[in-house]
Amino acid sequence: MADQKKKSNWLKSLFTLGDKFSWKDFFDRIKKKGVEFFVVVFGILISLGIEKQGGEFDQRNSNIDNIKSITEEVKSIKVYTEGYLEENLWVTDWFQQQYDHWELDSDSAFVEFYEDSTFSIPLAMYYNHNPFNPPRVVFDAIKLDGTFRLLEKSLGRMVNNTYDGVDLNYLMRNSDADEQENIKAFKNRITTVWAMDLGNIDTETMEFWIENRKYIQNDHYLRHNLSERVTLWDTFGFLLGAYQNELTLDIARLDSINHGFMKERYFIYWRY
């Protein structure tokens, strides 16, 4: 009986402000509890909203940092490509000149003499090979952690095309493989044919090219190999020029996007 009375007093204290039950007290207490409940729920919702907005703000800043890093790397790719294109044009012209001089009835058919008494031998450097390999550390890092999926779709496609597009894949893979084939064929010709016919082979010396000039001039296979490689370099130069133009456009768009981010204004996590 005492327990029942105690429970009744507890219920009465929950809904009344005094010792006696009153409908006014009852509704006042309901209002008070309702306000307290609303304040708690509202506080939770505000906290969740701030947390969500804060997460989106952090993701935005991460995307901005990624785009800035990509922009700097694309600019470094452009510098690398410009230097590589310049080197490619020089090499193409030099070996084209060697091809044009192939049938000269002169010691300078395979040896290039300079006014300062020095000389160079283009075919002695035929083994040299410099594959196109632009920087891509930032791109690979961003691609690895999956943040590319959070970038704007057209921007993501543009960046992917810059780093993994068809033209670049050809420049980095197919052309490299073709050039390696030319070098391999050149080496094989010297070791299996020239060595048998001429004995001692020393392509680094001027005397070798002068003394064996007529023999080399009659090697139409080697001249054809040179022609193929010059054509490859020429095609390579055309693709490099197109890729360079593409990089210029990409950099302009990336700079515009970064400039847009700089103009945005935020109060804590909210843009205004």
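This is a short tour of one protein chain, stop by stop.

Before you start, note that this is a predicted model, in which local features need pLDDT of at least 70, side-chain atom pairs count only at pLDDT 80 or more, and totals for chains, interfaces and linings use all residues. Residues are numbered from 1 along each chain as its sequence is written, and side-chain values use heavy atoms, with hydrogens and water left out.

**The whole chain.** Show the protein chain as a cartoon and you will find eight helices and four strands. Helices (H or I, at least four residues) and strands (E, at least two) are DSSP runs, numbered from the N terminus. In order, the elements read α-α-β-β-α-α-α-α-α-α-β-β. Of the 272 residues, 35% are buried; buried means under 20% relative accessible area, exposed over 50%, and partly exposed in between (1.4 Å probe, protein chains only).

**Stop one: R223.** Select R223 in helix α8, which spans residues 220–263. Is R223 buried or exposed? With 18% relative accessibility, R223 counts as buried. Leaving aside residues up to four places away in sequence, R223 touches Y99, W102 and E103, where a contact means heavy atoms within 4.5 Å.

**Stop two: E103.** Keep R223 on screen and select E103, its salt-bridge partner, with the closest N and O atoms 3.0 Å apart. A salt bridge is a side-chain nitrogen of Lys or Arg within 4 Å of a carboxyl oxygen of Asp or Glu. E103 sits in the loop between α2 (23–100) and β1 (112–113) and R223 in helix α8, so the pair ties together parts 120 residues apart in sequence. E103 is exposed, at 59% relative accessible area. By this rule, the salt bridges number eight.

**Stop three: helix α5.** Next, pick E179 and R229, whose salt bridge brings N and O atoms to 2.8 Å. E179 belongs to helix α5 (residues 166–198) and R229 to helix α8, so this pair links distant parts of the chain, 50 residues apart. Both E179 and R229 are buried.

Then select R189 and D219, which form a salt bridge at 3.1 Å, N to O. R189 is in helix α5, while D219 is in the loop between α7 (213–217) and α8. R189 is partly exposed at 23% relative accessibility, whereas D219 is buried at 5%.

**Last stop: E211.** Finish in helix α6 (residues 206–211), where E211 is found. E211 counts as exposed, with 65% relative accessibility.
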